[in-house]
Structure formats: structure tokens, C-alpha cells
Amino acid sequence: MEPIYLDYNATTPVDPQVADAMMPLLKQQFGNPSSSHWFGILTRKAVIYAREQVAKLINCKPEEIIFTSGGTESNNYALRGYAFANSHKGNHIITSAIEHPAIIEVCKYLEEHNFKVTYLPVDKNGLVSVRSVQKAITQDTILISIMQANNEVGTIQPISEIAEIANENGICMHTDAAQSLGKIPVDISDLNVDLLSIAGHKIYAPKGIGALYIKNGIKLEKLMFGAKQENNCRAGTENILEIVGLGKACEIAKRDFSENHDHMKKMRDRLWTGLVSEIPDIRLNGHPEKRLPNTLNVSFLNMNEYFQLSLFLEIAASAGAACHANNASLSYVLEAMNVPIEYAMGTIRFSTGKMTTQKEIDYAIIKITEIYNTQIR
Ligand SMILES: Cc1ncc(COP(=O)(O)O)c(C=O)c1O
């Protein structure tokens, strides 16, 4: 039997409706969207429609959406692009210690290029304090980048409050919404950010597609040079197949939002309730309430990588953050949250999705308990 999939924060399966929407692009519609003839017009229309679908989900104007190859590229373009295009205004950037490597590594790169970066600490629940953002601002601060929700523990940050401070100080505000989109409301008019990153494969679109929201008027230095596709922001013939997939995934995410939210949360809470009743020495990491509805980051006391390895044969979950780690070294997110080492080393991130069933959860509870009990003997 296949392991039970509880790793939706790592990636999601492609929604069959998304696959169906992509099929015509795979089989018949092959035109270059830049071509003036019928073939080009057909795919150009498909790209225009997909852009509208993405814009509707986050409540912005279609022309403020640029398609990218995923969350990583969106984050790179946002941070690097803004920093280099606005270095005449200042050289200081504020971010948090628990951002995804697609932010942290860009910041490290920028530090090698005359920028100064403040990595704000988080509290024991993984929250960034609004006051710490305020205090970190200097005359040279040009950009603040704080993720809307953390990929490992799911803690949701006070983005609109931080954005308000950024706006008051004339600072550009970016948020990485790779994990939050489709799980909690992501609405540009509420968040008030200038830049926002989207990753397709976290919302049932294929891997290798994403988007960046760029508020009208925000200037970014290009990452890619060439022809003038994507409003002259990202050169290269459009990935029409996946753009259409992302568009459809966004439409579905908007349509089914409440249903998916409630279902993921119900499944996650059932898993937690089941585990707590069977295993005494476990702790929940992340904020008790301000947390993604699908994320359950659990530490098992005095467990190690053998526990994790046995568990992963039965349950597909994540030891750290699956998209970039597969080792037993302590996660920097848990470290920043001061999770005690004897707990932190036995940490598993379970994440539910819209396809998760009650049967899977009940089976997972039995298996996890069984494996835990063999380890403590
Ligand atoms: C918070 C966050 N940002 C960015 C990314 C990177 O996105 P992608 O895999 O589409 O490059 C991920 C992927 O796990 C993520 O969780």
C-alpha cells in the first residue's frame, strides 16, 4: 500500500479539473502568444484569461500579475528586483529569521552586494512582533519582506499591520504567500502589500509555475533579459500550459475556499486530537490559533531520525521542510522558536489537503502510535 500523503505543504497533487483545463494546450493549442495570427490569438487569450483568474483570487488588477516559474523565482524577482532598482533610496532590508530559503538566500546574496539585512527574531509561537519591525526601521530601509504563513509550523504573521507601518514610512512591503494562498484569505486590499509571491504547486496546479503580484507603480530590476513578454517584466515565451493550469487552480481555490478550509482544518484537528490521546509526550509547534488550517507540526519527546524514517514508510510527512531538507539537522525555524532540543529532534510536520480523508487520518493515528510505541521500548 502507498503511504498516506500528509505533506500538502511540500506539494499538492494536480487537481483533475486543472489537468483537464490544461489538456487543449497540450494537445491542440500550441501557438506562440506573441504571434499575430489565429494560433497566437488563441493562446494569448488563454494567458489573458488565466491572469484574470489569478487576479480575482487575490483581488488585484490582472496587469499587476506576472507569471513566473514558481515561488522561488517570485521571491528572487521581488527582493533582488526591488533592491537593485531602488538602491539609490537606501540599502537596508528587513525580513524574519524563519523565512523560506527562497528569501533568506536572496538576502544573503544582497548582503554580498552592499545591502544590509535585519533578520527579525520570532517568539515561541513563531510570530514576528509588529513592534520589532517598527524598531528595526532606519533611514535606509527600502524593503520589508515577511512571509504570510510559515511553511514548517504554519504561523500566520500580522501582514496588514506590518504593511501599514511600511506604507507610513514609504517602504516597499513584500509577502511570500506560497503557503497561505488557498488556505487563508489572501486579499491585496486587506493586506495592502506592494509585492506578493504565489507558488502554483501548493494550490493543486503543476510544479514549475508561480506568479508575482506587483502593485502598479513599483519598479523592479529584471531577472531575465530578452523580448518584452509579461509586460516587459519577464522575457521568454510564456509557459502557456502551466499558466492555464495556475489560472484554473486559482479559480477553484476561490470557488471552494470555505469548503477546503473547513475540511483541511477538520482533518488536521482530528489528527491532533487522536495523537494527543494516544501519545502523552508530544507538543504542538506553531501558534495555537494564528496558524494555517492544514498544518500540524508535532514534536515527539526523545525521538530521532529512526523514528522519522520508520514513520515515513507509512506516512508521507516532513521532517523539516521537504522542499529543501532531508536530514536530521535541527530546523532553523524550530531553533528560532526555541523549541527544546529533546523535542525538536523528533519533529514531524503533517499537512492535510483537500483530498485528505477521515479514513487516512484514522489510519495515520494508529500507525504513528504503533511506531512511537516500538521506539520507546
Ligand atoms: C513559504 C515558501 N516560499 C517559497 C517556496 C518555494 O516555492 P517553489 O517551490 O514554487 O519554488 C516554498 C516551497 O516550499 C514555500 O513553502
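Mentor: A residue is buried if 20 or more other C-beta atoms, placed from the backbone, lie within 10 Å of its own, exposed if 12 or fewer, and partly exposed in between. This is a predicted model, in which local features need pLDDT of at least 70 and side-chain atom pairs count only at pLDDT 80 or more, while totals for chains, interfaces and linings use all residues. Residues are numbered from 1 along each chain as its sequence is written.

Trainee: Why is Asp194 called buried?

Mentor: Asp194 has 25 other C-beta atoms within 10 Å, and the term asks for 20 or more. Therefore Asp194 counts as buried.

Trainee: Where is Asp194 placed?

Mentor: Asp194 sits in the loop between helix H7 (188–191) and strand E7 (195–199). Helices (H or I, at least four residues) and strands (E, at least two) are DSSP runs, numbered from the N terminus.

Trainee: What is Asp194 in contact with, leaving aside its neighbours within four places in sequence?

Mentor: Cys172, Met173, His174, Lys215 and Ile218. Contact means that the C-beta atoms, placed from the backbone, lie within 7 Å.

Trainee: Why is strand E6 (residues 172–176) said to be largely enclosed by the rest of the structure?

Mentor: Because five of its five residues are buried. Cys172, His174 and Asp176 cover one side of E6, and Met173 and Thr175 the other.

Terms used. Contact = placed C-beta atoms within 7 Å.
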